[in-house]
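These are my notebook entries on a single model, written down in the order in which I looked things up.

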Amino acid sequence: MENLRKVIRNAAVLRTGHLIDGDWYENIERNEFEVCNPANGEVLATLPSATNAQATAAVSAAHRAQPLWASKTAKERAAILMKWYELILANREDLAILMTLEQGKPLAEARGEVLFGASFVSWYAEEAKRIQGEVLQTYSADRRVLILRQPIGVVVAITPWNFPSAMITRKCAPALAAGCSIVLKPSEETPLSAIALCALAREAGIPPGVINLVMAGRDDAAALGRVLLSDDRVRKLSFTGSTATGKHLMRLAADNVLKLSLELGGNAPLIVFDDADLDRAAEGALASKFRNMGQTCTCANRILVQRGVYQAFAEKLVEKVRKLRLGPGTEENVTQGPLINSRAVEKVRAHIEDAVAKGARVIQGGHVSAKGPLFFEPTVLADVNPEMQICSDETFGPVAPLLAFDTEEEALTLANATQYGLAGYFYTRDLSRAFRMAERLELGAIGINEAVISSEAVPIGGVKQSGIGREGAHHGIEDFLEIKQVTIGGL
Ligand code: ADP
């Protein structure tokens, strides 16, 4: 923590514990866990795992505070959210540095994410005022029916480490705008960003108990999750993370019939047709695959290239990959930081080994870098086929596997041959094909000649085993609202 104090200007964002009912609990009462800088292994902070009593206290606080928060006018909630937005912008540099130190992404990307995360707060501040009910056409002359849209209540939000800021605001901003209260459990890898955001939320005037934060080390996360989800005062779970954990939480949530938003794993295809603008496609593949070191659930996991342009595309991509710069995210001009932890490195290595054993060729990278044990060279694999593990399993790392195909139908079949259905991309100049593909790809989000498709203004979410619900846009607030019909008779 001492080292953090030297680089973070606003000491108020540096807390070392849980936020429950407006108070910080920083003593170690259960196990402690360390937050490390993946670039060099330095321990940034030692934090407490929440006790069961603290988890329950957080739910109690949220349950007490929610009706009061919901009874504020939408305009009042919006004003507080706008204040939070302004504080995030004012503390942008501190938030970006914290993120780079605990997560590893280059500072330029971290700065971008802080802005991206903040954009959800301003978006939902506006959206709060546009939650509207309905008056139905009557089905009986002496009756009228009103439809109310009301906040669902206490929300448990469990967030991942790959976007330590944006995954929190994308859930908390619509929940707060709708009039819900929150118990946030951030990833054990990146709790410092979560703590800073919650400190700013309190400073903005979000009342005690409306936003609570409890955390736990990896070994205690399951126990904390169980206490939160078994509390029958909780009405909703919003989770972003792996499909395996999502399924587990879905089972737990069944006991109390919780409303669910799940944003889970992906296995995004990026398809390059013969008629594509190859430079644009290579640029898109680079951005999609290597941003955040490939640790993005919407990032291209399989790059399908039509045979006529396969060689030319591979050369263009490799040329661009060679220009990427690996190093600590805090260094100037670095584009690729470390992976989050050794498990991530092992998965990347295993996928490459499996692919090579089954006939793939490494045409760029392929190894852990001399920069350190978590730095992995940006890698391109040629001659990949669907039998390889890398095609069915999300790599979540900097490996671009290239598969050749012959026909549009074959590309479509390959692209859909997965249980995942989050995002996908294709490059073509043929308008008819663009519509055919967009309509037949089994995905929640598609980029045509475009590989960066996230924004607060668009709904993101998966089909198949990639999840349930949508985040972002006006659709994102629906997940935090319940519909209630009110029938008035005897008129
Ligand atoms: P990863 O393995 O990449 O960290 P996870 O899906 O396991 O992805 O983690 C996403 C979030 O889910 C993190 O906040 C993590 O602590 C949390 N988590 C993991 N397992 C559980 C669990 N059994 N109960 C509650 N939360 C969990």
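The model is a predicted one, in which local features need pLDDT of at least 70 and side-chain atom pairs count only at pLDDT 80 or more, while totals for chains, interfaces and linings use all residues. Residues are numbered from 1 along each chain as its sequence is written, and side-chain values use heavy atoms, with hydrogens and water left out.

I then noted Glu-188, which has a side-chain N or O atom 2.6 Å from an oxygen atom of the ligand, and Trp-161, which has a polar side-chain atom 3.1 Å from a ligand oxygen atom. Of the 17 residues around the ligand (a heavy atom within 4 Å), those that come nearest are Thr-159, Lys-185, Glu-188, Ser-242 and Thr-245.

**Helix α10.** I next looked up α10, residues 278–290; helices here are DSSP runs of H or I with at least four residues, strands are runs of E with at least two, and both are numbered from the N terminus. At the N-terminal end I found Asp-277 as the cap, with a side-chain oxygen 3.2 Å from the backbone nitrogen of Asp-279, and just after the helix I found Asn-292 with a positive phi of about 55°.

**Lys-289.** What does the side chain of Lys-289 reach? I found the backbone oxygen of Gly-397, at 3.3 Å. Leaving aside neighbours within four places in sequence, I listed its contacts (heavy atoms within 4.5 Å), among them Cys-299, Asn-301, Gly-397 and Val-399.

**Helix α4.** I checked the span of α4, residues 92–103, whose end C-alpha atoms are 16 Å apart, in agreement with the 16 Å that its twelve residues should span at 1.5 Å a residue, the expected span being 1.5 Å times one less than the number of residues. Ten of the twelve residues are buried, and the buried ones pack against α1, β3, β4, α3, α5 and α7. Gly-104 follows the helix with a positive phi near 105°.

Within α4 I picked out Leu-98, which I call buried because its relative accessible area is 1%. Not counting residues up to four places away in sequence, Leu-98 touches Leu-4, Ile-8, Leu-14, Leu-192, Ser-193 and Ala-196.

**Two loops.** Phe-396, in the loop between α13 and β16, is not a glycine and yet has a positive phi of about 55°; I class Phe-396 as buried, since its relative accessible area is 19%. Lys-464, in the loop between β18 and β19, likewise has a positive phi, near 50°, and is partly exposed, with a relative accessible area of 33%.

Conventions: Polar contact = N/O pair within 3.5 Å; in protein donor to acceptor, adjacent residues only side chain to side chain. Buried < 20%, exposed > 50% of the residue type's maximum accessible area, 1.4 Å probe, protein only.
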